[in-house]
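Hi everyone, thanks for making the time. I'd like to walk you through one protein model today, so let me put it up on the screen.

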Amino acid sequence: MKDVVYLNPLFDYGFKKLFGQESNKRFLIAFLNELLPDDKQIADLKYSNPEHQGESQDKRIVIFDVLCQGKDGEVFLIEIQQVKQEYFKDRAVYYAARHISSQSEKGREWQYGCKAVLVVAILVKFSLDAENTEKYFHDIALRDSNNKEFYEKIRFVFIELLNFTKSENELDNRLDKWLFALKNMSKLKKIPETFTEEIFIDFFKSAEILTDMERTREEIEQKNAWDHYAILETAKREGLEEGKVEGKIEGKIEGKLEAKLEVASNLIKQGLSIDVIKAATDLSEQQIRQM
């Protein structure tokens, strides 16, 4: 059997092709149903245009997402988060709140009957808790102090691929298989032997790179990822070196701030977005805009 090359589902083009278009929505439905309880399974989805499109095409390494609705109006927001962001949890809550508040019926009396909102964030290169490197699945809901569910219509699922280290032989269920495919597909040469279910066979078939255009897009997105990483690391290194010099003169605290400002200055010169700069430096948006 000839080796094949697969799209990277963690890049914008691959993610949108495999999960963000009508012809392949069965993959997103199957993936979401592995995250949902038995009484919340979905049979169909309708795609919407995401309000939060993120960066321009050449900077989409930061965030991209798919927004869709179930048959009862429930909202599913699925996103890939490549790099750490200072206020990541705040932004996830804000997104959920926005999609709840947008349900109000303008011009009509509304009794606050909300549709459910599920935010699924797949974290690629960072963890929520740097000290816990074993847990990769977080299912978060509103509960009271006795751990009793308070409100069932808003949930967050955070998946840390960095902490998902299972090999093919260690996969226990279909969710494990989905996460293994997401993390490793672009490095595989054929579908794993244990992926015998029809949905996975179709998923890998749809991910095959068949045209020169697809191959070129994949190469460009990979290059963009490498470029962003190299720019960030270079800017950090240069900023920290400058910060050490400043620290000798003005003290440790001032030196740290100077280092961050120098990193931010280097990133601004490279034309990177404020979100990327915030993630790299932990500076506030106001501090960056004032530079």
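This is a predicted model: local features need pLDDT of at least 70, side-chain atom pairs count only at pLDDT 80 or more; totals for chains, interfaces and linings use all residues.

The protein has 291 residues, and 45% of them count as buried. Its secondary structure comes to nine helices and six strands. If you take contacts between residues at least 6 apart in sequence, 58% join residues at least 24 apart.

Now to the inside. The largest nonpolar core holds 45 residues, and those touching the most other members are Phe19, Leu28, Phe31, Leu32, Phe76, Leu179 and Phe203. Several elements give two or more residues to this core, among them α1, β2, β3 and α5. The top contributor is α2, with seven residues. Take Phe76 as one example: beyond its sequence neighbours, its contacts include Leu32, Leu36, Ile42, Val66 and Leu118. There is also a second, separate core of 17 residues, which includes Phe88, Ala96, Leu123 and Ile154. As general background, nonpolar side chains tend to be buried together in soluble globular proteins.

On to the charges. A search of the whole structure finds 13 salt bridges. One of them pairs Glu79 with Arg91, at 3.3 Å between the closest N and O atoms. Glu79 sits in strand β3 and Arg91 in helix α3, so this pair ties together parts that are 12 residues apart in sequence. Both partners are covered: Glu79 is buried at 2% relative accessible area, and Arg91 counts as buried at 13%.

Another salt bridge joins Arg155 and Asp139, at 2.6 Å from N to O. Here the link runs from strand β6 to strand β5, so it connects parts 16 residues apart in sequence. Arg155 is buried, at 13%, whereas Asp139 is partly exposed, at 44%. Then there is Lys166 with Asp172, whose closest N and O atoms are 3.2 Å apart. In that pair, Lys166 is partly exposed at 22%, while Asp172 is exposed at 60%.

That brings me to Glu160, which lies in strand β6. What Glu160 does have is a polar contact of 3.1 Å with the side chain of His138. Its other contacts include Leu123, Phe126, Asp129, Lys135 and Tyr136.

One last item, on the cysteines. The whole structure has zero disulfides. Cys68 is buried with a relative accessible area of 0%, and Cys114 is buried at 12%.

That's my tour, and I'm happy to take questions.

Conventions:
Residues are numbered from 1 along each chain as its sequence is written. Side-chain values use heavy atoms; hydrogens and water are left out. Helices (H or I, at least four residues) and strands (E, at least two) are DSSP runs, numbered from the N terminus. A polar contact is a pair of N or O atoms within 3.5 Å; within protein, one must be able to donate a hydrogen and the other to accept it, and residues adjacent in sequence count only if both atoms are side-chain atoms. Contact means heavy atoms within 4.5 Å. A disulfide is a pair of cysteine sulfur atoms within 2.5 Å. Buried means under 20% relative accessible area, exposed over 50%, partly exposed in between (1.4 Å probe, protein chains only). A nonpolar core is a set of buried Ala, Val, Leu, Ile, Met, Phe, Trp, Tyr and Cys residues joined through side-chain atoms within 4.5 Å. A salt bridge is a side-chain nitrogen of Lys or Arg within 4 Å of a carboxyl oxygen of Asp or Glu. Lists of a residue's contacts leave out its neighbours within four places in sequence.
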